[in-house]
Amino acid sequence: MSGNIQLLNDTLAGAKAADRAALIAYLPAGFPTVDGGIEAVKAAFAGGADVVEVGLPHSDPVLDGPVIQTADDIALKGGVKIADVMRTVREAYEATGKPVLVMTYWNPIDRYGVERFTAELAEAGGAGCILPDLPVQESAGWREHAEKHGLATVFVVAPSSRDERLAKITAVGTGFVYAASLMGVTGTRESVGEQARNLVERTRATTELPVCVGLGVSNATQAAEVAGFSDGVIVGSAFVKRILDAPDAAAGVEAVRELAGELAEGVRKR
């Protein structure tokens, strides 16, 4: 079975045709439970997310701040496995027909086996993978398998990336480019700022791929600001925090749906 890179491409193109940025939500698999995580992904889509990134929980998530680290710890203590990540992708995709990616560090894929991982992700209906710590110069093997299975390979660029480096990254990435809006780890911020706008402009000079901005967006006002200069707005920690702060699982799912609705309105108000 082929993966859903085309669905991802069509979804992002559809948002652009509607003269708006796409809303991309991030939620870790297995958090607060495997079943609860699946319901949270469905709720994000129900609220208005165009794309969802399912996080593969990691014991040392170097790019993630304390909120997502807490969620990952809960998922890992609950015994989450790669099979649960695939199940989350499958059930979310089958329920919504919308693009679901996996965001993961490289080590779990390397241990699991690239061919096995890409084949299973495609079979589950996944649209691709975001690989924040896989160096482009070491990615040929992954990209070969991803292309064979119809999966996008999304690389991350940062404000520290020089123009020459940006060009090398965007030349081989597919789906979209993940622009980290600032130096540091994930988490909500008071403002996203000019660094992000400048990075988007420099990245767009090297590629026709959509450029989507993550790290720091937590409310509709910020979503509208970022939507004004990017092709997509990526929100993670704010969703996770809503679940952590909820009194019970059902309230957490509802809080995700509500936040997705607010952010979806924001990206349409840019």
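## Helix α4 and its end

In this predicted model, helix α4 is followed by Gly 97, a residue whose phi is positive, near 70°. The helix itself has 15 residues and reaches 21 Å from its first C-alpha to its last, which is close to the 21 Å expected at 1.5 Å a residue.

The buried residues of α4 are Ile 82, Asp 84, Val 85, Met 86, Thr 88, Val 89 and Ala 92, and these buried positions pack against α2, β2, β3, α5 (106-112) and α6 (114-123).

## Packing of α4 on α2

Helix α2 (residues 34-47) and helix α4 (residues 82-96) have axes that come within 9 Å and cross at roughly 35°, and the crossing of α2 and α4 is right-handed. On the α2 side the contact is made by Val 34, Asp 35, Ile 38, Val 41, Lys 42 and Phe 45, while α4 contributes Asp 84, Arg 87, Thr 88, Glu 91, Ala 92, Ala 95 and Thr 96. Sorted by class, the contact of α2 with α4 has 6 nonpolar, 2 polar and 5 charged residues.

## The sheet beside α4

The model contains an open sheet formed by 9 strands in the order β5-β4-β3-β2-β1-β9-β8-β7-β6, with parallel pairing. Because β5 (152-154) and β6 (156-157) stand at the edges, each with a single partner strand, one side of each is left without a neighbour in the sheet. Helix α4 packs on this sheet, touching β2 (51-55) and β3 (100-103), and the direction of α4 makes about 160° with that of β3.

Elsewhere in the sheet, strand β8 (residues 211-214) and strand β9 (residues 232-235) run parallel and are joined by 2 bridges, and Cys 212 stands opposite Gly 232 in β9.

Key. Residues are numbered from 1 along each chain as its sequence is written. This is a predicted model: local features need pLDDT of at least 70, side-chain atom pairs count only at pLDDT 80 or more; totals for chains, interfaces and linings use all residues. Side-chain values use heavy atoms; hydrogens and water are left out. Axes are lines fitted to C-alpha atoms, for helices over the stretch in contact, and angles run from 0 to 180 degrees between N-to-C directions. Helices (H or I, at least four residues) and strands (E, at least two) are DSSP runs, numbered from the N terminus. A crossing is left-handed if the near helix is turned anticlockwise from the far one by less than a right angle, and right-handed if clockwise. Contact means heavy atoms within 4.5 Å. Ala, Val, Leu, Ile, Met, Phe, Trp, Tyr, Cys and Pro count as nonpolar, Asp, Glu, Lys and Arg as charged, and the others, Gly among them, as polar. Two strands pair if DSSP finds at least two bridges between them. The expected span of a helix is 1.5 Å times one less than its number of residues. Buried means under 20% relative accessible area, exposed over 50%, partly exposed in between (1.4 Å probe, protein chains only).
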